[in-house]
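Q: Hi, could you walk me through the aromatic rings in this one? I have not looked at it before.

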Amino acid sequence: MSESVYDGATGTFVSPQAREAAEAEPLLEIADLRVEFRTRDGVANVLNGVSYRVSVGETLAVLGESGSGKSVTAQAVMGILDTPPAFVTGGEVRFHGENLLAADADRRMAVRGDGIAMIFQDALSALNPVFTVGFQIEEQLRVRRGMTRADARKRAVELLDLVRIPGAARRIREYPHQFSGGMRQRAMIAMSLALDPEVLIADEPTTALDVTVQAQIMDLLAEIQRERDMGLILITHDLGVVADVADRIAVMYAGRIVEEADVYSLFRSPGHPYTAALLESLPRLDLKGQELRTIKGLPPSLTDIPPGCPFHPRCAMAADVCATTVPEFRHLGDGRASACHFAGEMQSRG
Amino acid sequence: MGRYILRRFLQLIPVFFGTTFIIYTLVWAIPTDPFAGKCGQRPCPASYIEVMRAKFNLGDPLIVQYFKYLGRLLTGDFGETFAGLSVGKLISTAYPVTVRLALIAVLIEAVIGIGAGVLTGLRNKGFLDNLVLVSTLFLISLPVFVTGFVLQIVLGVQWHLISPTVSRAATFGELIVPGFVLGSLSMAYVARLTRTSIAENRHADFVRTAIAKGQPTKRVVGIHLLRNSVIPVLTLLGTDLGALMGGAIVTEGVFNINGIGGQIFRGIQDKEGVLVTGIVTLLVLVYLLASLLVDLLYAVLDPRIRYD
Ligand SMILES: Nc1ncnc2c1ncn2[C@@H]1O[C@H](COP(=O)(O)OP(=O)(O)OP(=O)(O)O)[C@@H](O)[C@H]1O
Ligand code: SF4
Ligand SMILES: [Mg+2]
């Protein structure tokens, strides 16, 4: 009995073993998600079977070039896609095993902010310019938790303190435009934490900030994630930014996950040529002075994805089979997976 | 902010002198004889005209007349008409009626215009959208007196829902249909502006954030979206209040309302410079104050705007 741990989610005491089992079960799981955009220029296949999962206390980085569908995936999870033009055509988004895509509007609303919260890249445009920062945080507490104004204000100040905004009690009355970029992003993080979400999706939370502030925000997110045992999904196109904080990395290309691995294995021996190319394009201290290698070619047009492996026009390892057969997303053991015909060879080489 | 308001009030002073002077001289530039028809069928006797000219300083050069008028005006005396009626009293009976009419018109504009604009702005093209577009186009292209006469005849004469003319008391209830007529043109513009503004902001990042926070749709639209979209609309409504009061003359004519429209009309006909100047100057001041109010409201609604 002494070993039992109080489980806040169910309000019961559970044994460590049961707790471990519960943790292994993914908190949020996306399975074979497909989204298309129906526009005047035709149908763009933006997501072509995206699958990833995040468990309690885990940080998953979703990495990919611009346009690979990272944000669209997150928006589909939150249920904030603009329909039209976006249509979910297949797959599931399971939160605690419940398929959110099949849930009704009320249920989805209830999950937002409370079960799964999201922060956006550009806090200046993502926060409402005509309401104070305090109002926008308190609104969550008042409307979703039924708190009184006074209680909500108190809690909101605590949240701003938590994300280390100096002079929180005073600044809570200010408007987003009166905050600096970094402070604004902190305020948005505070807002996303208002309802104690189990999963936090951060869509390029530091891209709009300068480098020193980037690191601070990233550290803050990592710290909050650890303290609250949240599942954290960090979306980024910059591998360098997330390498320190992520447990696992999912690499996205043309609306698919092409590789998934824990950070160490991924750096040591990438299981997909695209990942390898991304690693080579990272600035490295030991190769200082040399020109950075970039991936040649452009990502495919999503209205006209090439047959076979979508990466084959740019792939250095491409063989004939790559142009005709779509590589399956295969598990390689050790929780790794890759969508490349030659993933095995790559592994044995590394 | 305080300095800004002060500056705006100081700006009212030259505008006050400018408009009073222009209106005063314009009225006298109208080539009619103020004493034509004042004495029944016959021309007025010379002795009467002599007395009147002396009483109203009509022998003085125009500029001297103006300054004498201005001097009295600054002590709060609006002067008298040729018939000896106090202009101050005429204004105090006519103005409240027109103010009420204009306020009702603005209110109707706001409620119907914003309502229709929000409903259509939230939807993509469809039946409702077309309905509003066509009916606003209809309202925009119809002259006010046509809308006025049609409603008067249909609602008042045929269906007996309203009295076709408004009584002296000009109560709120009586002014609803005339207010609708007066506001109909701007209502169409309000609906279209709201629609555009809502459609623009609908996909804004902050609206997406509000949805992602799990705020109920009612709040996302009614608070986050509306508050941002309504700012340009309020500017339109505020400036319209002044314009509606000056433009009420046709509506007042159709429904026989004793507002300032009729007074201005008679004043111009009879060359009552003092009466016309008094009423129009007040109109200009109302207009300026309304636009000052709009600017201040703007700063309240959009905290990014600072006037200092
Ligand atoms: N509203 C839209 N209409 C049409 N196409 C869209 C729309 N939103 C996104 N897309 C398409 O979906 C694709 C994926 O977009 P997404 O925003 O998910 O990319 P991303 O991986 O987040 O890129 P970035 O790093 O630039 O944020 C893009 O190619 C884009 O053209
Ligand atoms: S399947 Fe072929 S083309 Fe695609 S990544 Fe692997 S080697 Fe390259
Ligand atoms: Mg993105």
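What follows is a short chat about ring pairs and about charges over rings.

Q: Before we start, what kind of model is this?
A: This is a predicted model.

Q: How many aromatic pairs are there over all chains?
A: A search of the whole structure finds nine aromatic pairs over all chains. One of them is formed by A:Tyr253 and A:Tyr274, with the rings 4.7 Å apart from centre to centre and an angle of 55° between the planes, and this pair is tilted.

Q: Which parts of chain A does that pair tie together?
A: Because A:Tyr253 belongs to strand S11 (residues 248-253) and A:Tyr274 to helix H12 (residues 273-280), the pair ties together parts of chain A that are 21 residues apart in sequence.

Q: And is A:Tyr253 buried or exposed?
A: A:Tyr253 is buried, having a relative accessible area of 2%, and A:Tyr274 also counts as buried, at 0% relative accessibility.

Q: Switching to chain B, what sort of pair do B:Tyr66 and B:Phe67 form?
A: B:Tyr66 and B:Phe67 form an edge-to-face pair, with 5.3 Å from centre to centre and 65° between the planes. B:Tyr66 counts as buried, at 2% relative accessibility.

Q: Which residues do ring pairs link into a cluster?
A: The cluster that ring pairs link together consists of B:Phe21, B:Tyr24, B:Tyr66, B:Phe67 and B:Tyr69.

Q: New topic: where does A:Arg38 lie?
A: A:Arg38 lies over the face of A:Phe87, 3.9 Å from the ring centre. Elsewhere, A:Arg171 has its charged end over the ring of A:Phe179, at 4.4 Å from the centre of that ring.

Key:
Residues are numbered from 1 along each chain as its sequence is written. Chains are lettered from A and ligands numbered from 1 in the order in which they are written. This is a predicted model: local features need pLDDT of at least 70, side-chain atom pairs count only at pLDDT 80 or more; totals for chains, interfaces and linings use all residues. Side-chain values use heavy atoms; hydrogens and water are left out. Rings of Phe, Tyr and Trp (its six-membered ring) pair if their centres lie within 6.5 Å; planes under 30 degrees apart count as stacked, over 60 as edge-to-face and the rest as tilted. Helices (H or I, at least four residues) and strands (E, at least two) are DSSP runs, numbered from the N terminus. Buried means under 20% relative accessible area, exposed over 50%, partly exposed in between (1.4 Å probe, protein chains only). A charge sits over a ring if NZ of Lys or CZ of Arg is within 6 Å of the ring centre and within 35 degrees of the ring normal.
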